Amino acid sequence: GFSKIVYIHVQAVKAGLLCFYILLVVFALSLFKGKRLWIRIAILPAIILIGVAGVLSIPSLQKQLMNTVRERKVWESQDATQFATTSSFVPRLLSYRIAGGIIVCKPLTGVGAGDVKLQMDNVYERDYPAIPLTARLLPHNQFLCTALAVGVPLSFILIAMLIAPMFDRKRNIFTVSTFLIMLLGMAIEPMLETQYAIFVYLFFTLFWLEIPFEKNRNKLIAD
């Protein structure tokens, strides 16, 4: 409940905060569906103001903002010796760059799921030896990770799998919310590389499609 919302703000969990505000927008728009236009238009600025107020008033969020600014400068400098001093955005961007270079070499077949880490480590060792072993990430993007493993053509199956529930006639606000959260998760993490994440994806996607739901009122139908 409320304590969890406070927790993710105090801990400054970036992905959690982004998911929270995305869901806040979705559910607010759903709640005020059919209301006056000015009410719906006012929702987004109001939520943005809440987020800005949080950044300005919570020390942990301010620290995250300062770290983001610092890492942006490190990335823009393209000084590989400074990459080892970062721990958030730069390692992710670096993993994207390395994965993209490998995909360009093998766009149709990929390198095989078993060789993804080996190929990434080889490039780290060759081009970025100063990066510690613990910071040598797999591509922190599920779409890149899939394309790296099986090639670009087969990676379109992942995209089709992700968006398919949005075309189901039984979709509802919970289906849309799950889609947005999964899309965000796959954009910033190789989330389907773990069994737990696969369970979360399959369970919630299928669960929201199967429960009885009254779309006009955005409510579950009780037996």
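## Confidence and overall make-up

In the protein chain, confidence is lowest in strand E2 (residues 219-220), with a mean of 52, and highest in H8, with a mean of 94; the score behind these values is pLDDT, the predictor's confidence in each residue, from 0 to 100. This is a predicted model, in which local features need pLDDT of at least 70 and side-chain atom pairs count only at pLDDT 80 or more, while totals for chains, interfaces and linings use all residues. Residues are numbered from 1 along each chain as its sequence is written, and side-chain values use heavy atoms, with hydrogens and water left out. The mean pLDDT of the protein chain is 81, and 85% of its residues reach 70 or more. Where pLDDT is low, the predicted coordinates should not be read in detail.

The secondary structure comes to 11 helices and two strands, where helices (H or I, at least four residues) and strands (E, at least two) are DSSP runs numbered from the N terminus. Of the 223 residues in the protein chain, 34% are buried, a term that means under 20% relative accessible area, with exposed meaning over 50% and partly exposed lying in between (1.4 Å probe, protein chains only).

Gln142 lies in helix H8, which covers residues 142-150, and it counts as buried because its relative accessibility is 2%. Leaving aside residues up to four places away in sequence, Gln142 touches Leu158, Met186, Glu189, Pro190, Met191, Leu192 and Glu193, a contact being heavy atoms within 4.5 Å.

Pro129, in the loop between helix H7 (116-127) and H8, is exposed, with a relative accessible area of 53%. With residues up to four places away in sequence again not counted, Pro129 touches Tyr124 and Arg136. The C-alpha atoms of Pro129 and Ala80 are separated by 9.1 Å, although these residues are 49 apart along the chain.

## Cysteines

The structure holds zero disulfides, a disulfide being defined here as a pair of cysteine sulfur atoms within 2.5 Å. Cys105 is exposed, with a relative accessible area of 66%, whereas Cys145 is buried, at 4%.

## Surface around Phe167

Phe167 is placed in the loop between helix H9 (152-163) and helix H10 (173-188), and Phe167 is exposed, with a relative accessible area of 69%. The protein chain as a whole exposes about 13,900 Å², of which carbon and sulfur atoms supply 69%; accessible areas come from the Shrake-Rupley method with a 1.4 Å probe, and for residues only the protein chains shown count as cover.
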